[in-house]
Each structure stands twice: as structure tokens, then as C-alpha cells.
Amino acid sequence: MIPDWLTPAIMTIITASTPLVFAAVGEIMVEKSGVLNLGVEGMMIMGAVAAFAIGVTTGSATLAILFGALAGLVLALIFGLLTLNLRANQVATGLALTLFGLGLSALIGHSFVGETFSGLPKLDIPFISKLPIIGPLVFGQDVLVYMSVASVFFAGWFLNKTRWGLVLRAVGENHDAAHAIGHPVNFVRMMAVLFGGSMAGLGGAYLSLAYTPLWVENMTAGRGWIALALVVFASWRPGRAIFGAYLFGGITILQLHVQGFGVAIAPQLMSMLPYLATIVVLVLISHDVNRFKLSAPACLGKTFHPSQ
Amino acid sequence: MNKSSLIGIGLAVVLIIALLSSVGQGPSEKAKDDGKLSVGFVYVGPIGDHGWTYEHNEGRLAIEKALGEKVKTTYVEKVPYGPDSERVIGKLASSGTDLIFTTSFGYMDPTIKVAKKYPNVKFEHATGYKRSDNTATYSGRFYEGRHVAGLIAGKMTKTNTIGYVASFPIPEVIRGINATILAARSVNPDVKIKVIWVSSWFDPGKEADAAKALIDQGADVLFQHTDSPAPVQVAEKRGIWALGQASDMRQFGPKAHLTAIIDDWAPYYVARTKAVMNKTWTSGDTWGGFKSGMVRMAPYNKAIPADVVALAEKARKGIIDGSVHAFQGPIKDQAGKVVVKAGERASDKMLLGMNFYVEGVDGSIPK
């Protein structure tokens, strides 16, 4: 017999994992093009504050989601201009972007502290959404959850099955060669950076609209960094990234449940568990060192200028 | 490294400096000759946390309201523990501030250090235990609020399960859990309490996840000893009860919010500021509860039956007049050993160092 708490627990796992899926898939696209953007946390928090502010003022979930993505995109544009056009150091710029996003979001969000948003509408198909377990899990989520899963398929398909995906990977592997055969290296990278930014923005929007529909400073609480780590441990594959995100979310929620059942394990250890387990599992599935090296974009973090 | 990447790093550094410098700006341009008493505040979080720091700032505003033209207040928010806090406190002291409130436990040593250098400035440190001639300490008996909240929870629960979202296993938090269960069981002996530690004071997502897990395991009244309103919001959505922490969190769950334990620093802050004005300020320790007004209850939810409200009010008034105590013996620990004998009350010393669960708490204290 299925225990009563199982379905809601799985629902919670999905909510906890979705922001990570968005941010990780976006960052995979960015890194595959050879750019390392450490500003994921900053872009996420900007997405969160923008989505919440627009959601509360207009009451429209669609506009809120749109502006969440847009806010991430604008921050990514700053990053792109600095690193691609001015050839700034990507690591330093990314870190600055995170600090900048955290500060700016606090400033913007100041007047929205204490407001609440009614939350995203959930899909509700008569009868089907009421089926045991499958109903609420598969047919009872909000639109952003479906978007996050779709984005994984999109990224996988785009990177591996399309011409532009091939160009993007070429740019990330060897920008000089890609440039030599006539591909617009910095344009491709800018597009990837903007895509990554809007995905991080969506991840943030999910936090402030659905996960905990409120605004408080620093509400991302380090999720951007977890997404960044997932990208590496998933060896830059969208499919593995979603697996990693759900594994991380799953263990986070399960350890809370285990505590609730009164199992005596130190909570500090429990809090470590999601990180530990995710790293171990992803390292195991990508244990082949040579293949792992191959999947890392060779030009990751290197700046490019056509005249050099 | 080429020229333009240097420019990029330069820009990045400028961004970082611009952000960090905002921390130090507050007190610098301060003139001392306007005859006003100058009061400074050091906050650990943002005013917008809607919890701990928010209430300290309300206390600051109360000083301005009560004393008007005679005072001038300043604050510096989000000051990290360590050398940074010493620098900020020192700057406040050197720029002519007469009275400085440092509002988090981690400022204890920096406060004492700076206080030594500025014997004419008065210092007030929240929740610490180190004092000097010009450094006083103060804290709230929040467990008195938990007693009242526990009574209400014991009466309101249908599943006889209270969920408790906890931060870190320190005496302050354990005292709150014990006060809650003792009160709840005094009106409903079948009540159990489930505790989930989230290892953070502030992580809305994780607090919400813990709240959901507790509800999924049968809790229908939710307590929290973390600072964000996320658990109250979850309770509202799931249709169960919740109790707010540190400030009135009603707006996050109008139906769910039974009441909240409010840290009200305003009376203390106003009194201490007046004491400096009248030159009657002395160092000392204040652990205030309902009686001094440092701990208050938020308005009771309309859904609470009148007899339960009466019970809660009776306990609150009893604590004020001394006839009721949250830790009234006999109290047994989890092993059944009597720790407070019948007719006796737990001493402040025991309360301050509390590191055991009383009977009725599920699980054990993490070591």
C-alpha cells in the first residue's frame, strides 16, 4: 500500500528541484559555447524579484514569468557586453554579477517585502488530474514545471540534433577554428549567454512565484551555485543535469522527512547529504575520465577576439 | 593578460567596491554639536527580513517617535560577524554616537573591545553575556510567548501532532521547543511534537520544505524558530494552523496564523535612551518577558474559540503577575528523570543552558 505522505512528498521534491533544472540547463548552454558565467545566483535573484514585483502589481502570472526571464536576460546582457565585447575576465565578472544582482534585487524588492502572490495556477484536467499518484504528479503541476522539463528536451535536441547546436559546440570547443570557417563566435556566445540568463531568471521566478510565493532578500540562498556545480557533475549533459537536480531535491526533502520520523542523525550531517549524494552519483556515472574531459568544452572561460 | 581584460576586472572590482562600501556609509557624516543625543544601531540582517532585524528597527523608530527632536538615530544593516562588525561599531563610536545597540549574538566580543576604547560611549549588546562598565546586555524571554502559543496549539490540534521547524540545536531553540510541548501537554496530554532542523536561520525554500514534510507527517499546527514567513504561508495553503515568529506574520497566512510571539524592543530602547539622557544609565543585564513588554503576543486569530483565548490570556497575565511559569515542576526529561521537582521552577541558569528535551518530544537532540 502506498503511504499517504508519498504523493505530497514527491510533489515537494518537484518544487524543490525545478529552479535548479532551469538554471542548470541554461548554464549548460552557456558553458557549451565556451563561456563560464558564475553570475547564475545573481541572475536568479533578479528573476525572482522582477517576477514577484510584476506579479504583485499586475496580478498576471504570464507577465510575471515573462519579466522574470527578462530580468535574468538583462543581467546576462551586461555580463555578455563586459566579457565578450570588452573581453573582461569571465570569472571576476560573473562573481561581480552575483553580488550586483543580490544588492540590486534587495533595493528593488524593498517595497515588496511582506506582500504575497496567490501563486501560479496549476494544471487541472477534470478526472485525469484526480487519478491516484500519477494524476497530481503528471497532470497537476504548474506551467513552469512543464517548461523546465521541456527545456531539458529542447536543450538536448538543440545541442545534438541541430546545425546551430553544432555551431555552438564548435565555438565552445575551438573558437579559432570556428572563426576560421566563418562562424560568428561572439554572436553565438552572446545568444547562449542571453539564453542562460533568461533560464536563470525563470528559475528565480519559480522561487518567488511558486516555491515560496513571497519576496525576501537573498531568497535564492545559494541555489545558483548548486546549479553551477550540477552542470559540471552532469558533464554538460542536460539529461544528467535534470537527473542531478531531482536527485539533489529528492534527498533534500527525504532527509527532512527522515528527521520528522524521529530518526536520530545529526541534522548537520543530513544537510550535507544532498550535496554528498549528488556529487557521488554524478561522479560515478561520469567516471570515465577521458569521456569527461571530452565533454568539457575546450575553450571554456577563454576570451576571444577575431583580431588575435 | 591583455589591456581590455584588465579593464573588465577593473569594472568588476568597482562594482564590488560600490556594493561593499554601502555597508560603511551610514554613520560617517555625523556632526556632534547639534545637542541631540545620537543613538546608533548595528543590524545583522536586512531590515526587510520581516523577522529579527525588522523588529529591532521598529524599536529604533519608536525612539524617534518617543523622543522626537531630542534624538538622532542611525543604523548600519547587514553587518557580518567578525572584523567588519568591529570596524562598523568603532566607526559609530568615533563619530560621536552616544549610545550603540549591537543587535546580534555574534557582535559580543567586538562590542566589548570597542567599548574599552570609548569609555564615554554607552553600549548595549543583545542576547550576549559579556558586560563591562559601559556595556549592558539584554534579551527577551521568548519562551514565555511559546508557553501561551503552546497552550493554544494543544487546544487547536486535531491530529495531536505539532510540527516545529527549528534552526540550530542551541539552548535558546531547545528552550522554545520544551516550553511549547510542556504547555501543550498541560491542556492535552496526547500531544506529540515533531522537530525538523533546517540548519539555517533563514532559507525560505528549505523552511517551506520542512513545513511541508511536517504537514505530510500529520502535523496540523506549525511552529517555527527560523526567520522567514515561508512556513506560515505553507500552513495557509495546506489549510492548517501556524504561529508566527519574531513579528506579526498575519499577512502571510490570514486564516492559518493563530498568533505570533513578537519581540518588542521598543519599550526597552526608549527607556535606555532616556536613561542616557538623564545620566542614569548603568550597565547590567535585562532578560525581559511579558512583564516588561519585551515579549508580546500578536492579535489572536478570530477562529480560536473564546475559552481557548481566555486560557491563553489567563496564562499571559499569570506570567506577568508571577503566578504562572513556563517551566513549572514537575518536569521530566525524555528518559523520565525528574529535572524540576514538583512545586519548583526551573532556574534562569538551567533555562540559559538548556540542552535536553522534556517528555513528549519525538526524537533526540542532535549532538
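This is a predicted model: local features need pLDDT of at least 70, side-chain atom pairs count only at pLDDT 80 or more; totals for chains, interfaces and linings use all residues.
Along the principal axes, the C-alpha atoms of chain A fill a box of roughly 65 × 50 × 40 Å. Of the 308 residues in chain A, 55% are buried. When contacts between residues at least 6 apart in sequence are considered, 79% of those in chain A join residues at least 24 apart.

The interface between the two chains involves 45 residues of chain B in contact with 47 residues of chain A. The size of an interface is often given as the accessible area lost when the parts come together. Here the area buried between chain B and chain A is about 3,800 Å², with carbon and sulfur atoms giving 62% of it. Polar contact is found for 9 residue pairs across this interface, both residues being at pLDDT 80 or more. On the side of chain B that touches chain A, the elements giving two or more residues are α1 (3-25), β7 (192-197), α7 (204-216) and α8 (230-238). The residues on that side of chain B comprise 21 nonpolar, 13 polar and 11 charged. The number of salt bridges between chain B and chain A is 2. In a salt bridge between Lys78(B) and Glu217(A), the closest N and O atoms are 3.3 Å apart.

Within chain B, Phe41(B) is located in strand β1 (residues 37-42). Phe41(B) counts as buried because its relative accessible area is 0%. Beyond its neighbours within four places in sequence, Phe41(B) has contacts that include His56(B), Arg60(B), Ile63(B), Val76(B), Leu92(B), Phe101(B) and Tyr269(B). Helix α4 (residues 108-117) of chain B also contributes buried residues, namely Met108(B), Pro110(B), Thr111(B), Ile112(B), Val114(B) and Ala115(B). The buried residues of α4(B) pack against α3 (83-94), β3 (99-102), β4 (122-126) and β5 (135-140) of chain B.

Over all chains, the whole structure has 15 salt bridges. Arg60(B), one of the contacts of Phe41(B), pairs with Glu64(B) in a salt bridge whose closest N and O atoms are 3.8 Å apart. Both residues lie in helix α2 (residues 52-67) of chain B, 4 residues apart, about one turn of the helix. An α-helix has 3.6 residues a turn, so residues three or four places apart point the same way. Arg60(B) is buried at 8% relative accessibility, whereas Glu64(B) is partly exposed at 33%.

A second pair, Lys130(B) and Asp109(B), forms a salt bridge with its closest N and O atoms 2.7 Å apart. This pair links distant parts of the chain, 21 residues apart: Lys130(B) is in the loop between β4 and β5 of chain B, and Asp109(B) is in helix α4. Both are partly exposed, Lys130(B) with a relative accessible area of 32% and Asp109(B) with 41%.

Asp348(B) and Arg141(B) meet in a further salt bridge, at 2.9 Å from N to O. Asp348(B) lies in helix α11 (residues 348-352) and Arg141(B) in the loop between β5 and α5 (142-156), so the pair ties together parts of chain B that are 207 residues apart in sequence. Asp348(B) is partly exposed at 33%, while Arg141(B) is buried at 14%. Glu313(B), Arg316(B) and Lys317(B) are joined into one network by salt bridges that share partners.

Note on methods. Residues are numbered from 1 along each chain as its sequence is written. Chains are lettered from A and ligands numbered from 1 in the order in which they are written. Side-chain values use heavy atoms; hydrogens and water are left out. Contact means heavy atoms within 4.5 Å. Buried area is the accessible area (1.4 Å probe) that two parts lose on being put together, summed over both. A salt bridge is a side-chain nitrogen of Lys or Arg within 4 Å of a carboxyl oxygen of Asp or Glu. A polar contact is a pair of N or O atoms within 3.5 Å; within protein, one must be able to donate a hydrogen and the other to accept it, and residues adjacent in sequence count only if both atoms are side-chain atoms. Ala, Val, Leu, Ile, Met, Phe, Trp, Tyr, Cys and Pro count as nonpolar, Asp, Glu, Lys and Arg as charged, and the others, Gly among them, as polar. Buried means under 20% relative accessible area, exposed over 50%, partly exposed in between (1.4 Å probe, protein chains only).
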